[in-house]
Amino acid sequence: MTGTGSTTLETLLPTSIVGSLPKPAWLARPEVLWSPWELQGDALVEGKHDALRAAVHEQRRRGIDIVSDGEQTRQHFVTTFIEHLDGVDFENRETVRIRDRYDASVPTVVGAVSRPKPVFVDDATFLRQQTDQPIKWALPGPMTMIDTLADRHYRSREKLAWEFATILNQEARELEAAGVDIIQFDEPAFNVFFDEMKDWGIAALERAVEGLSAETAVHICYGYGIKANNEWKATLGAEWRQYEESFPLLQRSSVDIISLESHHSHVPMDLIELIRGKKVMLGAIDVASEQVETPEEVADTLRRALEFVDAELLIASSNCGMAPLPRHVALDKLSALSAGARLVREELGA
Ligand SMILES: [Zn+2]
């Protein structure tokens, strides 16, 4: 392992998490999204680093192969990135509908958007120093970014998404240079806005990954296990076929890894046939339940996936971020994930 962006994993069925882990209570209030920091100034910087170190330690101790930062240095997977950009006014807020599901007070785009300096590159460099394992860094996808903003400048979702894709590509290139092995874009909006996804969403994602030599991933899900999402999921019926819209396009895209939710969801497993040839990062841990999976339950989900994906291309993961869960539950779920993957690995004779 070189730790210079070209790390290869020799483990069959490597394990990973989608993104966030709960933060320690001394850093931010647990079990809520957008939780304000408990520290300030230099103490906050040091606290974020300590939390990131702890997140790496727990992932390794519990058998996670592809290591993430657990999003310990950011308040929210979309908002924190946008906060670092010029052209967005956080004082000037409007109420908009997020992913057609719930109303939220969001900042407003008031001028041309740009990235005056790198957003996560220092944090990624710090993560790189903590481990020789492959590391993965998550960024919001362009379509999901525009969906959490009001726009008084471009007045075009497509134009704004294109600007964000260009900015994300700059950030991704610098993350790659900092030694990140896998750069992931979170696009839950791909499960909601099908027409826009087809018209320009996939193209914007391609713009974001352009020219990268690091592996690239896109994560598409049904959201955190919060009330508004759980209520929306209850309306989706017995079979969730939303991935059917994006998967054929992603199969032909240049993105290397497709991250999807599966365990306890109503997504028919055979839909992953639609991304044949891509690496599949399969959610085998439910993030909407505090019940910790047994290794056997995880193994069962992975086994069912192996009917539609080659073992060499399967990565065992969580369904989504785990920020809203109690910390001990999230950590125990990491252990369950790696124990389940180990069971299947043994069956495959690896
Ligand atoms: Zn997700």
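This is a predicted model: local features need pLDDT of at least 70, side-chain atom pairs count only at pLDDT 80 or more; totals for chains, interfaces and linings use all residues.
Residue numbers start from 1 along each chain as its sequence is written.

**View 1. The open sheet of 6 strands, with parallel pairing.** The strands follow the order β3-β5-β6-β7-β8-β9, where strands are DSSP runs of E with at least two residues, helices are runs of H or I with at least four, and both are numbered from the N terminus. Two strands are taken to pair if DSSP finds at least two bridges between them. The edge strands, each of which pairs on one side only, are β3 (136–140) and β9 (314–317). From one strand to the next, the twist averages 25°. Strands of a sheet pair through backbone hydrogen bonds, either parallel or antiparallel.

**View 2. Strand β5 and its pairing with β3 and β6.** β3 and β5 are joined in the parallel sense over 5 bridges, and 5 bridges likewise join β5 to strand β6 (residues 215–220), which runs parallel to β5. Strand β5 (residues 182–186) is mostly covered, with 5 of its 5 residues buried; a residue is called buried if 20 or more other C-beta atoms lie within 10 Å of its own, exposed if 12 or fewer do, and partly exposed in between, with C-beta atoms placed from the backbone. Ile182, Gln184 and Asp186 point one way from β5, whereas Ile183 and Phe185 point the other way, and all are buried.

**View 3. Strand β6, and the pairing of β7 with β8.** β6 is mostly covered, and 6 of its 6 residues are buried. Glu215, Ala217 and His219 point one way from β6 and Thr216, Val218 and Ile220 point the other way, all of them buried. Elsewhere in the sheet, strand β7 (residues 257–261) and strand β8 (residues 279–283) run parallel and are joined by 5 bridges, with Ser259 standing opposite Met281 in β8.

**View 4. The packing of helix α6 against helix α8.** Two packed helices are described by the angle between their axes and the distance between the axes. Helix α6 (residues 194–209) and helix α8 (residues 243–251) pack at an angle of about 15°, and their axes are 10 Å apart; axes are lines fitted to C-alpha atoms, for helices over the stretch in contact, and angles run from 0 to 180 degrees between N-to-C directions. α6 and α8 are therefore roughly parallel to each other, given that angles under 35 degrees count as roughly parallel, over 145 as roughly antiparallel, 65 to 115 as roughly perpendicular and the rest as oblique. The crossing of these two helices, α6 and α8, is right-handed, a term used if the near helix is turned clockwise from the far one by less than a right angle, with left-handed used if it is turned anticlockwise. Phe194, Met197, Lys198 and Ile202 in α6 meet Glu245, Ser246 and Leu249 in α8, where contact requires C-beta atoms, placed from the backbone, to lie within 7 Å. This contact of α6 with α8 comprises 4 nonpolar, 1 polar and 2 charged residues; Ala, Val, Leu, Ile, Met, Phe, Trp, Tyr, Cys and Pro count as nonpolar, Asp, Glu, Lys and Arg as charged, and the others, Gly among them, as polar.

**View 5. The crossing of helix α9 with helix α10.** The axes of helix α9 (residues 295–305) and helix α10 (residues 327–347) come within 7 Å and cross at roughly 55°, which makes α9 oblique to α10. The crossing of α9 and α10 is right-handed. Pro295, Val298, Ala299, Leu302 and Arg303 in α9 meet residues of α10 that include Ala336, Leu337, Gly340 and Val344. By class, the contact of α9 with α10 has 10 nonpolar residues, 1 polar and 1 charged.

**View 6. Leu13 and Glu71, two residues with positive phi.** Leu13, although not a glycine, has a positive phi of about 50°, and its place is in the segment before α1 (41–61). Leu13 counts as buried, with 25 C-beta neighbours inside 10 Å. Glu71, also not a glycine, has a positive phi of about 50° and lies in the loop between α1 and α2 (79–83). Glu71 is buried, with 27 other C-beta atoms within 10 Å.

Definitions and conventions. Two residues are in contact if their C-beta atoms, placed from the backbone, lie within 7 Å.
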